[in-house]
Amino acid sequence: MAAAVAAAPGALGYLHAGGARLVAACSAWLCPGLRLPGSLAGRRVGPAIWAQGWVPAAGGPAPKRGYSSEMKTEDELRVRHLEEENRGIVVLGINRAYGKNSLSKNLIKMLSKAVDALKSDKKVRTIIIRSEVPGIFCAGADLKERAKMSSSEVGPFVSKIRAVINDIANLPVPTIAAIDGLALGGGLELALACDIRVAASSAKMGLVETKLAIIPGGGGTQRLPRTIGMSLAKELIFSARVLDGQEAKAVGLISHVLEQNQEGDAAYRKALDLAREFLPQGPVAMRVAKLAINQGMEVDLVTGLAIEEACYAQTIPTKDRLEGLLAFKEKRPPRYKGE
């Protein structure tokens, strides 16, 4: 790795100057007691997060949801830990029908509390964010509440929204946004913070803030260009254009588009299918792979390869790696423990 870093004059400087950010990310992602090698070393990293999960086959009957626990700080956000074969999948269900799931002070507070709990929960393997309100994912900011705020209150509140969305983006396990309805403004920014987005063809998505003489404030000006490219992102933000599911798929905003079903949860079912694909994989590897990709996308290729090498090194001493090799030799499914 030292040779690779030396080959790029700015790479080592970046890793040291931005070391706090990288180490902070690693602290939330890697296993207890592991250290980053080489020039990235020097600090212990924090708790691991893992578990297992389930989902139904696409197009099958409506899924039977076995819920072991439900966090109810009112009903605006329902946190459900799926059970039995579903174990390890957590569903964050936004349920603020009277406000079209808009981002109120209370909902942001509840999201923050839920995310704080999930990022340190070792049983969590995949998180799905969905709406429990038919036809709506999240309509963005609560404009009625916003209209009552003074100018001095708006900035700090938008900062809170941005912070919560950043926390979602930094969750160490895979996250999937299931968009079965309207996702505008902050609602789309919430979805952009997820690793993967799936949507029904009838869903509507857009960053429409310029219509209100403001700009996206929850990360939209940064994450949308990184997702679909700068020129097209500018076009969509400048025009406040709203896309349907097919159009969003065509520009790369979402990974999968589905025809909506009678239950109105086609995207959610697809998200469950994807979560099921993730669950058999090594928990430590999943977490470290996400870290390598996320950090690598922010730097040049040479530095990114150095980050990959550092992250790969974290998988070498794990019991899961040895279990994977043994399972391959014995021709059986591996039994990973996240160790």
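Trainee: Is Glu-84 buried or exposed, and how is that read?

Mentor: Relative accessible area is the guide: buried means under 20%, exposed over 50%, and partly exposed in between, with a 1.4 Å probe and protein chains only. Glu-84 has a relative accessible area of 66%, so this residue is exposed. This is a predicted model, in which local features need pLDDT of at least 70 and side-chain atom pairs count only at pLDDT 80 or more, while totals for chains, interfaces and linings use all residues. Residues are numbered from 1 along each chain as its sequence is written, and side-chain values use heavy atoms, with hydrogens and water left out.

Trainee: Where is Glu-84 found?

Mentor: Helices (H or I, at least four residues) and strands (E, at least two) are DSSP runs, numbered from the N terminus. Glu-84 is in the loop between strand S2 (77–82) and strand S3 (89–94). Its phi is near 55 degrees, a positive value in a residue other than glycine.

Trainee: What is the phi of Lys-331, and where is its place?

Mentor: Phi of Lys-331 is near 55 degrees, again positive in a residue other than glycine. Lys-331 belongs to the segment after H14, and it counts as exposed because its relative accessibility is 76%.

Trainee: Which residues does Gly-324 touch?

Mentor: Contact means heavy atoms within 4.5 Å. Gly-324 lies in helix H14 (residues 319–330). Not counting residues up to four places away in sequence, Gly-324 touches Pro-334 and Tyr-336. Gly-324 and Tyr-336 are twelve residues apart in sequence, and their C-alpha atoms are 7.8 Å apart in space.

Trainee: Is Thr-126 buried or exposed?

Mentor: Thr-126 is buried, because its relative accessible area is 1%. Its place is in strand S4 (residues 126–131). Beyond residues up to four places away in sequence, Thr-126 touches, among others, Gly-88, Ile-89, Val-90, Val-173 and Pro-174.

Trainee: How many residues of the protein chain count as buried, as a percentage?

Mentor: Of the 339 residues of the protein chain, 50% count as buried. The chain has 14 helices and eleven strands. Among its contacts between residues at least 6 apart in sequence, 65% join residues at least 24 apart.

Trainee: Which residues touch the most other members in the largest nonpolar core?

Mentor: A nonpolar core is a set of buried Ala, Val, Leu, Ile, Met, Phe, Trp, Tyr and Cys residues joined through side-chain atoms within 4.5 Å. The largest one has 49 residues, and Leu-77, Leu-92, Phe-137, Ile-168, Ile-179, Met-205 and Leu-253 touch the most other members. Helix H4 (residues 105–118) gives the largest share of this core, seven residues. A second, separate core of 16 residues includes Ile-89, Ile-176, Leu-274 and Ala-275.

Trainee: With which residues is Leu-253 in contact?

Mentor: Leaving aside neighbours within four places in sequence, the contacts of Leu-253 include Leu-188, Leu-192, Met-205 and Leu-224.

Trainee: How many cavities are there?

Mentor: On a 1 Å grid over the protein atoms alone, a cavity is a set of points where a 1.4 Å probe fits but cannot get out, and a pocket is an open set with protein on both sides within 12 Å along at least five of seven lines; lining residues have an atom within 4 Å of a point. Grid points are joined across faces, edges and corners, and a volume is the space filled by probe spheres set on the points. The count comes to four cavities of 30 Å³ or more. The largest cavity holds about 60 Å³ of space. Eleven residues line the largest cavity, and Arg-125, Val-173, Pro-174, Pro-283 and Met-286 are the closest to its centre.

Trainee: How much space lies in the second largest pocket?

Mentor: The second largest pocket holds about 590 Å³. It is lined by 29 residues, with Ala-139, Gly-140, Ala-141, Asp-142 and Leu-143 nearest its centre.

Trainee: How many disulfides does the structure hold?

Mentor: A disulfide is a pair of cysteine sulfur atoms within 2.5 Å. The structure holds zero disulfides. Cys-138 counts as buried because its relative accessibility is 0%, and Cys-194 is buried, with a relative accessible area of 4%.
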